[in-house]
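I opened my notebook to work through a structure one entry at a time. My plan is to look up a few spots and write down what I find.

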Amino acid sequence: MDYALQQLLNALAFGAEYSLVALGLAVVFSIMGLVNFAHGEIIGVSAYSVFLAAALGLTSPFVAVLLAVGMAALAAVVFERVAFRPVRYAPTTTGLLTAFGVSIVVQNLFMLLISPKPQSVSILNGLNQMWFFGPFAVSSLQVMELIVSGLTILALVLFLNRSTLGLAIRAASRDFATVRLMGIKANRVIATAFAISGALAGIAAVFILARRGSVSPDLGFGLVLKAFVACVIGGFGSLPGAAVGGMLLGFIEVGLLVALPQEYAGFRDALTYAIIVALLVYRPEGLLGQRIELGDKEI
Amino acid sequence: MTGSELSQAVDQMAAPTGAKRSSNALVRSLIGGLVTALPVLVIGLLVLNFAPTYYTFLALGAFVNLIVVVGLQVFMGNSNIANLGHSAFVGLGAYGVAILSTPLAMKKLSIPNAPFGFATLELDPVSSAIIALAVVGIVALVSGKVISRLSGVAATIVSLALLIIVHSVFLNWTDLFKGNQAFFGIPKVVGLPWMLVFAVLAIVLARLFKDSRWGLQLRASAQSPQAAAALGIDAKKLRLMSWVLSALICGLAGVLFAYFAGTISPKLFYFQMIFNTLAMLILGGMATVTGAVTGVIVLSIGLEFIRSIESGVTVVGIQMPQLLGLSGVALGVVIVLCMAFRPSGISGRHELDELVSLLLRRNAK
């Protein structure tokens, strides 16, 4: 019983993290059709800025969390301004390859300017403790991950539904031209979307740092690949799809962790991806994606 | 520009394709392919006759990259879907021949516990290569079934998932693939002459596919899916076809790599190769086979130069520090700048032979 509960919490925590990152990807994709491969490097920038701040003498974990989220949002906005604006109206493949290029540049800059080797960061280790509820021992980090992700998603939903800018973002994902005719600045909508996406990545970065206690140049890359897969299962560009896909991915991973014998543990990633590809055979448009035939009018 | 390929496709489908006409087109595209391969042939022969051993080795590596990039162009250039998983096929080809053709004495050292009797099997290089390519073809057919059904972005992500699946199997199935360690002892049977022959073959094949009615129809459906579907073009089937051909060419590159290097390891066929070859294709221009060739030539030379700086050079008597990651930054910058300022790459829309005949016609006037 204890074990089952523990694994359930595990799956929920993993799923919450994937959902956060996948939502960040989906927010940007739904508006401007950009497949942001550089999302992992936003996580990287956030983690490395905490590392640098700690090296310069920062000791307060609270400030470190604020710094991580702030820097991630800033990095996302800067990436958009520098690299993605020139390809804003270009075909999807062009944007995808640009983002891939940005990701390579930033990863290698970490390597060039800081170090190719992992660097230890201990400032956020305090978040990762064991809490005891009667007979149960749970990791504080996982509980926090679940609660914070839930609150963040709630805040995102409120923002998208209640504020003018949020409404503009949702409308822009349907028909950007009309949104601009209503007097909303395109640059503002896109910058906001990137800032949101960056902030979500920053929150994920805090949890990654607290769990691993170190930074390395490819820190966010693997996570973002998984988040992409989550987006694809959910239906690319759909926000609820990204959240559901992330959770599902978390459950598949933990399920395999439990089911696979120790000597096959290395095949977990391979099997996870294989299961997902198999899912796509039956639903190529994703679980929550709509089947759009060529020439259909949307809505 | 939009719809130009589409109107060609309409022409070709509407006009009664007489035997004479189609054979003319075939000869034209065959000659076109050979013209495109000419610079490669010249460089290859120069290296073969004049270059010192070290440069011959570099050239062999560049030729492998060339075949990979040409293979990548077959899928990406015609279907306009980004493929980030092609090095999985290179790896499958290389490991295929490694497992089949390594001498038994070597196998006792490297993979004594291989399943299915592979530990006691030793085939000659040619039949190993054929079987390895058949395996690549089967994997491509199965993965292509999924990928050809998906929309562009999802297809790219699944190609990436394929890469991770294959890499993770290489790493973890240690009995068969030796895991993280290098797989050594593969017979070194391929030198520069064979490499040249296969490079030219790959280029001609890619060109023939691009100019064939399937290639044309696929390019048309990438430009306007709706109009192409209205003409009765089956885009899924064509995507599958180009995916398999692309995988086979990449697999061939892997086979040749294993046969010239003699030693392979999984990390050779992972993201580093994807970065390199993708940057080459984008820089050269992915719409044409000429673009693939141009990109490989330019970036191979450029990267070699950057690598010499990366490992720490001595400038006017001062030893510069090692700059790990510099070549990665350069590759990324090449991709980003190309996409922003010249998405069609160096060579643009025209093949080399088309450019030459355009120039000749302009001068004749």
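**Entry 1: chain B as a whole**

I began with contacts in chain B between residues at least 6 apart in sequence. Of these, 81% join residues at least 24 apart. I noted that the model is a predicted one. I then looked up the elements and found 16 helices and 2 strands in chain B. Chain B has 365 residues, and 50% of them count as buried.

**Entry 2: helix α13 of chain B**

I picked helix α13 of chain B, which covers residues 271–284. I checked its length. At 1.5 Å a residue, its 14 residues should span 20 Å, and the end C-alpha atoms are 20 Å apart, so the two agree.

Next I asked how many residues of α13(B) are buried. I got 12 of the 14, so α13(B) is largely enclosed by the rest of the structure. Among the buried ones are Met273(B), Phe275(B), Thr277(B), Leu281(B) and Gly284(B).

What covers them? I found that the cover includes α4 of chain A. From chain B it includes α3, α4, α14 and α15. Just after α13(B) comes Gly285(B), with a positive phi of about 115 degrees.

I moved to α3 of chain B, where Leu72(B) lies. I counted 29 other C-beta atoms within 10 Å of Leu72(B), so it is buried; the cut-off is 20 or more. Leaving aside neighbours within four places in sequence, Leu72(B) is in contact with Asn83(B), His86(B), Ser246(B), Thr277(B) and Leu281(B). Two of these names were already in my notes: Thr277(B) and Leu281(B) are buried residues of α13(B). I also looked up Ala247(B). It is 175 residues from Leu72(B) along the chain, yet their C-alpha atoms are separated by 8.0 Å.

Then I went to the loop between α3 and α4 of chain B, where Asn80(B) is found. Is the phi of Asn80(B) positive or negative? It is positive, near 60 degrees, and this residue is not a glycine. I reminded myself that most residues other than glycine have a negative phi. Asn80(B) has 19 other C-beta atoms within 10 Å, so it counts as partly exposed.

**Entry 3: where chain A meets chain B**

I looked up the contact between the chains. It takes 40 residues from chain A and 39 residues from chain B. On the side of chain A, the elements giving two or more residues are α4, α9 and α11. The largest share, 16 residues, comes from α4(A). By class, this side of chain A has 30 nonpolar, 9 polar and 1 charged residues.

**Entry 4: Phe236(A)**

Phe236(A) sits in the loop between α9 and α10 of chain A. Is Phe236(A) buried or exposed? It has 26 other C-beta atoms within 10 Å, so it is buried. Neighbours within four places aside, its contacts in chain A are Phe29(A), Cys231(A), Gly286(A) and Gly289(A). It is also in contact with Val153(B) and Ala154(B) of chain B.

**Entry 5: the largest nonpolar core**

I looked up the largest nonpolar core and found 220 residues in it. Ala72(A), Ile67(B) and Leu256(B) have the most contacts inside it. Helix α12 of chain B, residues 235–261, gives the largest share, 18 residues. Beyond four places in sequence, its contacts include Ile42(A), Val45(A), Gly198(A) and Ala205(A).

I looked at α5 (residues 140–162) and α6 (residues 164–174) of chain A. They pack at about 85 degrees, with their axes 5 Å apart. The two helices are therefore roughly perpendicular. Phe159(A), Leu160(A), Asn161(A) and Arg162(A) in α5(A) meet Gly166(A), Ile169(A) and Arg170(A) in α6(A). By class, that contact has 3 nonpolar, 2 polar and 2 charged residues.

My last stop was Ala137(A), in strand β3 of chain A. It has 11 other C-beta atoms within 10 Å, so it is exposed. Ala137(A) touches Met130(A) and Phe132(A), not counting residues up to four places away. Ala137(A) and Leu160(A) are 23 residues apart in sequence and 37 Å apart in space, C-alpha to C-alpha.

Definitions and conventions. Residues numbered from 1 in each chain as written. Chains lettered and ligands numbered in written order. Predicted model: local features only at pLDDT ≥ 70, side-chain atom pairs only at ≥ 80, totals over all residues. Axes fitted to C-alpha atoms, helices over the stretch in contact; angles between N-to-C directions. Helix = DSSP H or I, 4+ residues; strand = E, 2+ residues; numbered from the N terminus. Parallel < 35°, antiparallel > 145°, perpendicular 65-115°, else oblique. Contact = placed C-beta atoms within 7 Å. Nonpolar A, V, L, I, M, F, W, Y, C, P; charged D, E, K, R; others polar. Expected span 1.5 Å × (residues − 1). Core = buried A, V, L, I, M, F, W, Y, C linked by C-beta atoms within 7 Å.
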